[in-house]
Amino acid sequence: MTFSDETLMAYADGELDAATRMAIEAAAAADPPLAQRIARHRALRARLHAAFEPVLEEPLPQRLLAAARGPGEDQRTHKVISLAARRQPRWSWPEWSAMAASLLVGVLLGPWLLKSAAPPAPLDVSGGRVLASGALAHALSQQLASNQPRAAPVTIGISFRAKRGGYCRTFVLHQGQSLAGLACREGPSWQVMTLAQSTASPQGAAGGYRQAASALPPAVAGTLDEYMEGEPLDAAAEAAARAHGWSP
Amino acid sequence: MQELREELVALLPRLRRFARALTRNAHDADDLVQLALERALAHAAQRRPEMQLAGWVFGILRNAWVDEQRARGRRARLFAPEESGEKVADASGSAAPEMLAVQEALERLPEEQRVVVALVLVEGLSYKEAAHIIEVPIGTVTSRLARARETLQSLLGAAGA
């Protein structure tokens with residue numbers, strides 16, 4: 001009796017019914033090469049399992065405990081606020097959602113919104129929407145991802161055409177704690193659609209690794225598909241869009 | 001909701017292990033876990049009652065990973081020169097050499113095979129559970145696993161025998 005490799009694998013994984021199992025065991029007892037093939041499958045399974053076993057013993061990162069236990073446990077983990085009215089035209093926003101957005105904005109964005117004598121705040125709330133202003137608005141309109149000044153207060157990520165028309169760009173604001181987000185062109189201004197407090201150290205302070213990768217937290221990256229039409233703009237298309245003032 | 005949160009905390013070690021089998025970078029792995037937790041909590045109402053929590057959250061994590069791979073593919077085309085330098089210094093410095101060797105082998109598998117290996121061989125789920133999580137027939141799980149095993153055997157040599 002011969003057994004396919006797939007059957008032997010399923011045997012090693014404990015997937016077979018009793019009858020097949022017994023047939024294999026009986027055959028293997030009299031067939032050392034067969035027994036060896038089974039042993040190889042078992043060894044691989046055991047090795048894979050053992051290799052990752054140490055992860056179970058690692059201390060749990062605080063940010064994950066906080067994410068599981070919910071807000072309030074640790075205010076420093078990155079939170080995502082969607083500031084856009086998804087699948088709804090803006091003008092039919094229920095009032096509460098605008099209010100909720102303003103509240104969240106107050107809690108999370110307070111430091112960025114404080115009107116002070118210092119340079120103009122990078123975010124501004126207007127009619128329940130969060131708009132880019134100051135250095136952020138400037139960077140969104142002018143800065144090219146392909147040519148970013150070192151130590152600029154804003155890093156531009158990708159730019160793309162939005163499903164509903166117009167352009168959107170991702171950004172990271174380096175100011176105190178980093179804030180990452182997505183902004184879409186709305187007439188003359190940039191509306192901020194998603195914001196996440198990033199755990200990334202500003203300007204890659206933590207050993208310098210992962211700067212660009214962590215520039216866009218997965219929480220923000222995960223929402224991109226919802227907005228993006230096709231592929232991101234390449235450098236030439238980005239420059240052309242800027243030259244046309246990001247008009248659709 | 002409170003109960004779900006506690007169950008998620010209890011599941012955290014396994015979620016982190018699953019993510020580490022998907023991606024070698026420990027920081028990326030925890031980002032994935034965090035994203036999965038956030039999505040699970042946001043979509044708790046969509047979970048069918050007969051669904052095991054672990055399988056449901058593994059599925060969410062796996063989808064988040066697939067999304068991230070896609071987004072990363074796009075970013076890589078834009079930022080390839082800049083990012084390639086960073087990949088060298090990834091956050092895997094603390095991993096045991098054995099884990100690193102296995103992770104390197106896993107990274108060479110096509111992503112659909114890597115998921116199956118992570119679910120069945122690392123997490124110890126049945127083919128049926130794995131099929132349910134990735135929403136394919138059991139036969140597909142079996143054939144992906146068979147191909148993955150062949151590659152892993154050749155990459156990892158005598159496989160600890």
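Student: From the N terminus on, how do the elements of chain B run?

Tutor: They run α-α-α-α-α-α-α. Chain B has seven helices and zero strands. Keep in mind that this is a predicted model.

Student: And how many helices and strands are there in chain A?

Tutor: Chain A has ten helices and eight strands.

Student: How do I read confidence, chain by chain?

Tutor: Start with the averages. Chain B has a mean pLDDT of 85, and 85% of its residues score at least 70. For chain A the mean is 76, with 70% of residues at 70 or more. Then go element by element.

Student: Over which residues of chain A is the pLDDT below 50?

Tutor: Residues 84–99 of chain A are one such stretch; beyond near neighbours in sequence, that stretch has eight contacts in the model. Residues 200–214 of chain A also stay under 50, with 21 contacts beyond four places in sequence. Chain B has a stretch under 50 as well, at residues 80–93, with 20 contacts beyond four places in sequence.

Student: What ipTM and pTM does the predictor give the complex?

Tutor: The ipTM is 0.86 and the pTM is 0.56.

Student: How do I read the interface?

Tutor: The size of an interface is often given as the accessible area lost when the parts come together.

Student: What should I look for in a core?

Tutor: In soluble globular proteins, nonpolar side chains tend to be buried together. The largest nonpolar core here has 59 residues. B:A36, B:L61 and B:V117 touch the most other members.

Student: Leaving aside its neighbours within four places in sequence, what is B:V117 in contact with?

Tutor: A:L48 from chain A, plus B:L106, B:L109, B:V122, B:L145 and B:A148. A second, separate core has 33 residues, including A:A137, A:Y167, A:L195 and B:A71.

Student: How do I check a helix, say α3(A)?

Tutor: At 1.5 Å a residue, the 26 residues of α3(A) should span 38 Å, and the end C-alpha atoms are 38 Å apart, so the two agree. Then look for bends. A kink of about 25 degrees lies at A:A51, shortly before the proline A:P54.

Student: Which residues of α3(A) are buried, and what do they pack against?

Tutor: The buried ones are A:I38, A:R40, A:H41, A:L44, A:R45, A:L48, A:A51, A:F52 and A:V55. They pack against α1 (5–12) and α2 (18–29) of chain A, together with α1, α4, α5 and α7 of chain B.

Student: Apply that check to α1(B). What span and what bend does α1(B) have?

Tutor: α1(B) has 21 residues and reaches 29 Å from first C-alpha to last, close to the 30 Å expected. The bend is about 50 degrees at B:L11, and the proline B:P13 follows within four residues. Buried residues of α1(B) include B:L8, B:L11, B:L12 and B:L15, and also B:R16 and B:R17.

Student: How much of each chain is buried?

Tutor: Buried residues make up 43% of the 161 residues in chain B. In chain A, 36% of 248 residues count as buried.

Student: And sequence separation of contacts?

Tutor: Take contacts between residues at least 6 apart in sequence. In chain B, 66% of these join residues at least 24 apart. In chain A, 48% do.

Student: Last one: A:A151. Is A:A151 buried or exposed, and why?

Tutor: A:A151 is exposed, because 7 other C-beta atoms lie within 10 Å, and 12 or fewer counts as exposed. A:A151 lies in the loop between α6 (134–142) and β4 (154–162) of chain A. A:A151 and A:H174 are 23 residues apart in sequence, and 9.0 Å apart in space, C-alpha to C-alpha.

Terms used. Residues numbered from 1 in each chain as written. Chains lettered and ligands numbered in written order. Predicted model: local features only at pLDDT ≥ 70, side-chain atom pairs only at ≥ 80, totals over all residues. Core = buried A, V, L, I, M, F, W, Y, C linked by C-beta atoms within 7 Å. Buried ≥ 20, exposed ≤ 12 C-beta atoms within 10 Å, placed from the backbone. Contact = placed C-beta atoms within 7 Å. Helix = DSSP H or I, 4+ residues; strand = E, 2+ residues; numbered from the N terminus. Expected span 1.5 Å × (residues − 1). Bend = angle between axes of the 7 residues up to and from the residue. pLDDT = per-residue confidence, 0-100.
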